[in-house]
Amino acid sequence: MGKHYFLYFFMLFLVSEGLTKGVAGLACNWGLQSTHPLQANIVVKLMKDNGFNKVKLFEADPEALKALGKSGIQVMVGIPNDLLAPLASNVQAAVDWVQQNVSKYISQNGADIRYVAVGNEPFLKTYKDMFLHTTLPALQNIQAALIKAGLGQKVKVTVPLNADVYQSDSGLPSAGNFRADIHDLMISIIKFLRDNGGPLTINIYPFLSLYADPNFPVDFAFFNSTAAPVVDGPITYTNVYDANFDTLISALEKNGFGSMPVIIGEVGWPTDGNSNANIEYARRFNQGLVDRILAGKGTPKRRTPPDVYLFSLIDEDNKSTLPGNFERHWGIFNFDGSIKYQLKIGGGKGLVPAKGVKYLARQWCVMSPQASPSDPSVQESMTYACTYADCTSLGFGSSCGNLDPKKNASYAFNMYYQTMDQRKGTCSFNNRSVITTIDPSQGSCRYEIMIDLGKHELPRNSSAGRRPNSLIASLILAFMLIIGGGL
């Protein structure tokens, strides 16, 4: 009888675990470059409510790691590129980093840290070889530090790399190989990872293929593509994701690493900041991606699917826009954890929003009815507002790109007002603005009200500081002048 009860409860445990975690589980990136970040506990609950059981952090944020403790979510914690040099040159610096950012949160908070991601796309061509000589030594020192801390078996090292580290001269996946300028370095890194049980992590962005090449076939960026396929010998590719990933697999096979484990560290689709960054395309791409993950579908050359970390969980209004205005809009959720668009995430379930979010007062800062958009003072105020707040949604082809000049100015004024926590005097703009309780949002253009950080008692840290957006401000002003000149 006792054995029967044991088997019954054991099976019940397995079933409940399966229902809780899902068949495969989802993984995501959690970025922290926000002026008004969601409280860490709310984000962790958001992930759990939506079936995410793995997360990648770009830095060892204390609040995030504490909140992830005993959550059942596996963690990949990142090391920013600016730490590679000190970690590469000093083993003790690596020992200290592991103690302060890995061992501490495992032992004190119960964080389930599985990987340390050393650097973030350090070999991008735009970095002009800045991290070529520090990435591998930093990787080696962090591995040594993990072993010294007794974590060598539990926590593995990896290096998240952009897909530009490999290429195909013929354009076909079977011709894939690593870039000539970093070929030997890539082989050294991959061998080190393999010898220490670590995976290779690659970021793949079909959106960027479309963004970079106006002649790229749009439909080939999606999984349910009707575009002309790419035929590579016996294999037919119907989407760029599979073709890109298998180009990497070919490169690994050519260099003797055919069985090297691979993680997709970032893949997703933005919703704003570019004409191809929109809700329709993001839903189409991410639903196709989630369907593949839940179905356990791999690629033609790797039938077993890798872990795939969706980029990203939530929007970040303080990210650099050097790659493009879309950089702040990769989240499947808005900055406050509200739903942008619905996704089916398995088991007949859809996305659910964050709970317990507190907002500033329901009021907006808009251009005064008496003011004129052609007033130089208004244009100067817009430039100032967009220097310190996120105006990327005002760009051409974006969600607020079709506003008239007056509403354009109102959007900029309101973003500044909200970013500055609706503080007294932040809706003045030379007396060209007023506060209203009537929501000025229209269509796809959303005039935000920010999270009330005071009510959440969330301390501001360096990652939440306000980054001036002078380039965006200049572009918005130019756009305003063009519109104004046409009136």
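Of the 487 residues in the chain, 55% are buried. The model is a predicted one, and its chain holds 14 helices and 15 strands.

Phe-207 belongs to helix H8 (residues 206-212), while Trp-269 is in the loop between strand E12 (262-267) and helix H10 (279-295), so the pair ties together parts 62 residues apart in sequence. Both Phe-207 and Trp-269 are buried.

Tyr-411 and Tyr-447 make another edge-to-face pair, because their ring centres are 5.3 Å apart and their planes are at 75°. Here helix H12 (residues 405-419) supplies Tyr-411, and the loop between strand E15 (433-436) and helix H13 (453-456) supplies Tyr-447, so parts 36 residues apart in sequence are tied together. Tyr-411 counts as buried at 4% relative accessibility, and Tyr-447 counts as buried at 4% as well.

Then there is Asp-317, in the loop between strand E13 (308-310) and strand E14 (364-367). Asp-317 is buried but has no salt bridge, as the nearest side chain of opposite charge, Arg-328, is 6.8 Å away. What the Asp-317 side chain does have is a polar contact with the side chain of Thr-35, at 2.7 Å. Beyond its neighbours within four places in sequence, Asp-317 touches several residues, including Gln-33, His-36, Asp-390 and Met-450.

Terms used:
Residues are numbered from 1 along each chain as its sequence is written. This is a predicted model: local features need pLDDT of at least 70, side-chain atom pairs count only at pLDDT 80 or more; totals for chains, interfaces and linings use all residues. Side-chain values use heavy atoms; hydrogens and water are left out. Helices (H or I, at least four residues) and strands (E, at least two) are DSSP runs, numbered from the N terminus. Buried means under 20% relative accessible area, exposed over 50%, partly exposed in between (1.4 Å probe, protein chains only). Lys and Arg count as positive and Asp and Glu as negative; His and the chain ends are not counted. A salt bridge is a side-chain nitrogen of Lys or Arg within 4 Å of a carboxyl oxygen of Asp or Glu. A polar contact is a pair of N or O atoms within 3.5 Å; within protein, one must be able to donate a hydrogen and the other to accept it, and residues adjacent in sequence count only if both atoms are side-chain atoms. Contact means heavy atoms within 4.5 Å. Rings of Phe, Tyr and Trp (its six-membered ring) pair if their centres lie within 6.5 Å; planes under 30 degrees apart count as stacked, over 60 as edge-to-face and the rest as tilted.
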